[in-house]
Amino acid sequence: MRYMLLIVEPPGQRSTRTLAEGQAAYDSMRRFGEQLQQRGQLVAVESLASTRSATRVARQGEKVTLLDGPFAEAKEMVGGFFMIEVDSREQALAIAAECPASQWCQVEVRPLAPCFDDSI
């Protein structure tokens, strides 16, 4: 079963860290990814830039609307993700608890499923 571990952080959290603190946090996450890869559980991993560089795209009929970040209404942002392949939800939850980011933000665990299947 594949799960996404979404790293959900407060939008301004990154700016509160010194460069050394930010690099140390990133290095701990990189090492975590390497451990998952060594265990054969990592499918993909990426860190995302802040919402300052994001753009939201919406379309109504032929009208396309672009909204550049940061987004005033945002109370949280996805800072990155790990896609893992494990045998059970319990295993995915245990891995999320191991994630270094769980110490400074939330790690949301979601199974992958088709968008039309709301039963999962």
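## Strand pairing

Two strands count as paired if DSSP finds at least two bridges between them. In this predicted model, strand 1 and strand 5 (residues 77-85) run antiparallel and are joined by eight bridges. Within this pair, I7 stands opposite G80 of strand 5.

Strands of a sheet pair through backbone hydrogen bonds, either parallel or antiparallel.

The open sheet has four strands in the order 2-5-1-6, with antiparallel pairing. Strand 2 (42-47) and strand 6 (106-111) are its edge strands, each pairing on one side only. On average, neighbouring strands of this sheet are turned by 20 degrees against each other, direction ignored.

## Helices across the strands

Helix 1 lies across strand 1, strand 2 and strand 5, and runs at about 15 degrees to strand 5. Helix 2 (residues 89-98) lies across strand 1, strand 5 and strand 6, and runs at about 30 degrees to strand 1.

## A loop residue

Q13 sits in the loop between strand 1 (2-9) and helix 1 (19-38). Q13 counts as buried because its relative accessibility is 14%, and buried means under 20%. Apart from neighbours within four places in sequence, Q13 is in contact with W104 and C105.

## Cysteines

A search of the whole structure finds zero disulfides. C99 is in no disulfide, and the nearest cysteine sulfur, that of C105, is 7.2 Å away. A disulfide needs a pair of cysteine sulfur atoms within 2.5 Å.

C99 counts as buried, at 1% relative accessibility. C105, at 13% relative accessibility, also counts as buried.

Note on methods:
Residues are numbered from 1 along each chain as its sequence is written. This is a predicted model: local features need pLDDT of at least 70, side-chain atom pairs count only at pLDDT 80 or more; totals for chains, interfaces and linings use all residues. Side-chain values use heavy atoms; hydrogens and water are left out. Buried means under 20% relative accessible area, exposed over 50%, partly exposed in between (1.4 Å probe, protein chains only). Helices (H or I, at least four residues) and strands (E, at least two) are DSSP runs, numbered from the N terminus. Contact means heavy atoms within 4.5 Å. Axes are lines fitted to C-alpha atoms, for helices over the stretch in contact, and angles run from 0 to 180 degrees between N-to-C directions.
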